[in-house]
Amino acid sequence: MATLSQLRERLRFLVLYQVGDVESEQTRAGLAADGRLNLEWFEELSAMVEALAALDAASLPVAVLCPGVAESGRAVSELLRCRSDLQVVVLTTVDDPRSLSELFRHRPVSARQVELLPAVGEELVAGILAVGDATVQRAMHRQAIRRTSERLAEVRPRVLDLTAGSVRHAIMESLPAGLIVLNDTGYVVEMNALAREMLQGPGCAGVGSKNAIEHVDTLLPKWSGQTGTATAEETVKISAGEQTRYLRVRSALLGGDRDKPLGTLITLEDVTERTRLEAEIAARTRELEEANARLEALSHTDPLTGLWNRRYFERRSCRELERAERNSSTLGLLMLDIDRFKSINDNYGHVSGDTVLKALTARLDGKLRSTDMLARVGGEEFAILLPDCDESYALEVAERLRVAIADTPIVITKDLVLPVTISIGIAVSRLAGNRADSCEKRLKALMQLADRRLYQAKASGRNRSVAAEPS
Ligand SMILES: Nc1nc2c(ncn2[C@@H]2O[C@H](COP(=O)(O)OP(=O)(O)OP(=O)(O)O)[C@@H](O)[C@H]2O)c(=O)[nH]1
């Protein structure tokens with residue numbers, strides 16, 4: 001119990017009003033003639049004030065004692081209706097919120113249960129109303145603000161905690177990527193479950209360790225601001241036992257300035273499947289390219305001799321013709337035909353004829369420069385393109401080839417050695433039609449000229465080279 005002076009001190013603004021015309025022992029007992037507190041009321045009031053203090057209302061300036069809530073309540077209700085600026089706290093033993101709100105319908109009240117107020121005489125004190133004026137109300141507001149601030153200060157760490165802890169944790173765990181946070185010295189301070197799973201195995205030591213991620217560690221120095229790059233990206237291969245994983249690792253410096261970041265955020269994306277698919281696609285593409293190259297080569301070559309075929313010979317010769325004209329040089333063209341080849345087939349069989357074709361190819365090829373182009377353009381007919389070649393050099397080459405074939409018979413088997421000769425028609429690009437014509441047309445003219453000379457060689461006895469038509 002407080003002493004009177006203590007109570008006075010605490011109730012510095014406390015004045016009891018008699019409300020309405022309520023006549024009761026409690027009211028009279030509570031009021032002195034001058035409207036101040038009656039000492040007989042002291043103890044009971046003190047208990048009430050304790051109860052008020054429990055409602056944070058001890059500093060209210062005005063308390064209205066209501067011996068019977070129904071009677072005095074109506075009067076107080078009327079007072080409040082007229083004085084809407086007053087702050088009211090109601091203490092009552094009536095615990096029926098409906099009758100309270102009916103009573104104070106002009107000003108809604110909030111009810112809160114407190115201990116029963118002590119009895120005076122025969123009856124219970126029904127309640128106490130505390131009413132403050134506007135000045136005190138402001139003081140109360142200040143007090144309320146202070147309390148709210150104190151409460152906030154008390155709660156804030158938990159709010160921050162919520163942000164820094166559980167919310168951040170939830171975000172980290174819900175992202176579909178592995179996340180690792182390193183502090184400025186490279187220690188792992190956060191790692192989500194996905195990152196742990198991705199780095200599973202001996203290489204992953206986890207939170208609190210420095211060399212936590214074996215394979216990623218080598219990359220960290222360049223990510224930790226030492227090179228000045230704020231972000232980095234790399235794919236790393238991680239092997240644990242039988243399992244190999246490819247992780248796309250991205251890093252970004254966190255906060256601080258560039259020279260002294262607060263830490264590093266690392267994200268991990270499992271690209272194993274993508275890498276496997278890319279490797280598979282690359283392998284398939286390579287196979288396809290090789291197959292295409294083989295097909296391309298096949299479409300350009302003669303299967304029996306491996307020489308270029310007519311189609312390719314004509315295409316390349318066309319380009320060579322243009323180049324020769326650009327460089328003001330001339331091309332030589334030789335058209336070769338095996339003499340009486342039909343009789344070889346007829347007498348020794350087609351297979352022997354094929355052997356002759358292959359042997360002749362090898363011998364011709366061995367006598368040419370690497371820049372010369374030898375092609376099989378018909379059954380037993382060959383063409384040779386000679387870059388940077390004039391008439392005399394073309395004739396010289398033709399003769400060298402003719403002699404090389406004629407001088408050495410071709411060995412078919414150890415029992416069959418066949419003498420073979422060839423006839424050659426020669427032309428040079430200088431004679432290849434009109435320069436205004438297309439290169440295809442000029443090449444055709446050149447080949448026709450060489451062909452005519454070939455038949456001339458045949459007609460004049462075979463095993464010879466003809467470079468000019470008879471005048
Ligand atoms: N073994 C073989 N013979 C072929 C091939 N292609 C064409 N021939 C033959 O080559 C022969 C060409 O004969 P002809 O055009 O009459 O000419 P030739 O017998 O060489 O007589 P000339 O050219 O006048 O000296 C034919 O018997 C064709 O069947 C081939 O790939 N292999």
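**The ligand and its surroundings**

Three elements each supply at least two residues of the shell around the ligand: strand 12 (332-338), helix 12 (341-348) and helix 13 (350-366). Before going on, please keep in mind that this is a predicted model.

The ligand has 16 residues around it, and those that come nearest are Arg 340, Lys 342, Asn 345, Asp 354 and Arg 376. What is the make-up of the shell by class? Nine of its residues are charged, four are polar and three are nonpolar.

Arg 340 has a backbone N or O atom 2.8 Å from an oxygen atom of the ligand. Lys 342 likewise places a backbone N or O atom 2.8 Å from an oxygen atom of the ligand. For His 350, a backbone N or O atom lies 3.1 Å from a nitrogen atom of the ligand. The ligand taken alone exposes 660 Å², and the protein buries 67% of that.

Which element gives the most to the shell? That is helix 13, with four residues. Helix 13 is 17 residues in length and spans 24 Å from its first C-alpha to its last, close to the 24 Å expected at 1.5 Å a residue. Its buried residues are Ser 352, Gly 353, Val 356, Leu 357, Leu 360, Thr 361 and Leu 364. As background, an α-helix has 3.6 residues a turn, so residues three or four places apart point the same way.

Strand 13 pairs with strand 14 (residues 381-386) in the antiparallel sense, over four bridges. Arg 376, already named among the residues nearest the ligand, has Phe 382 in strand 14 as its bridge partner.

Last, strand 7 (residues 178-183). Is strand 7 mostly covered or mostly exposed? It is mostly covered, with five of its six residues buried. Strand 7 runs antiparallel to strand 11 (residues 263-270), joined by six bridges, and antiparallel to strand 8 (residues 188-191), joined by three. Val 181 stands opposite Leu 265 in strand 11, and its bridge partner in strand 8 is Glu 190. Strands 7 and 8 form a hairpin with four residues between them, and in the turn Gly 186 has a positive phi of about 90 degrees.

Key. Residues are numbered from 1 along each chain as its sequence is written. This is a predicted model: local features need pLDDT of at least 70, side-chain atom pairs count only at pLDDT 80 or more; totals for chains, interfaces and linings use all residues. Side-chain values use heavy atoms; hydrogens and water are left out. A residue is near a molecule or strand if one of its heavy atoms lies within 4 Å of it. A polar contact is a pair of N or O atoms within 3.5 Å; within protein, one must be able to donate a hydrogen and the other to accept it, and residues adjacent in sequence count only if both atoms are side-chain atoms. Accessible areas come from the Shrake-Rupley method with a 1.4 Å probe; for residues, only the protein chains shown count as cover. Ala, Val, Leu, Ile, Met, Phe, Trp, Tyr, Cys and Pro count as nonpolar, Asp, Glu, Lys and Arg as charged, and the others, Gly among them, as polar. The expected span of a helix is 1.5 Å times one less than its number of residues. Buried means under 20% relative accessible area, exposed over 50%, partly exposed in between (1.4 Å probe, protein chains only). Two strands pair if DSSP finds at least two bridges between them.
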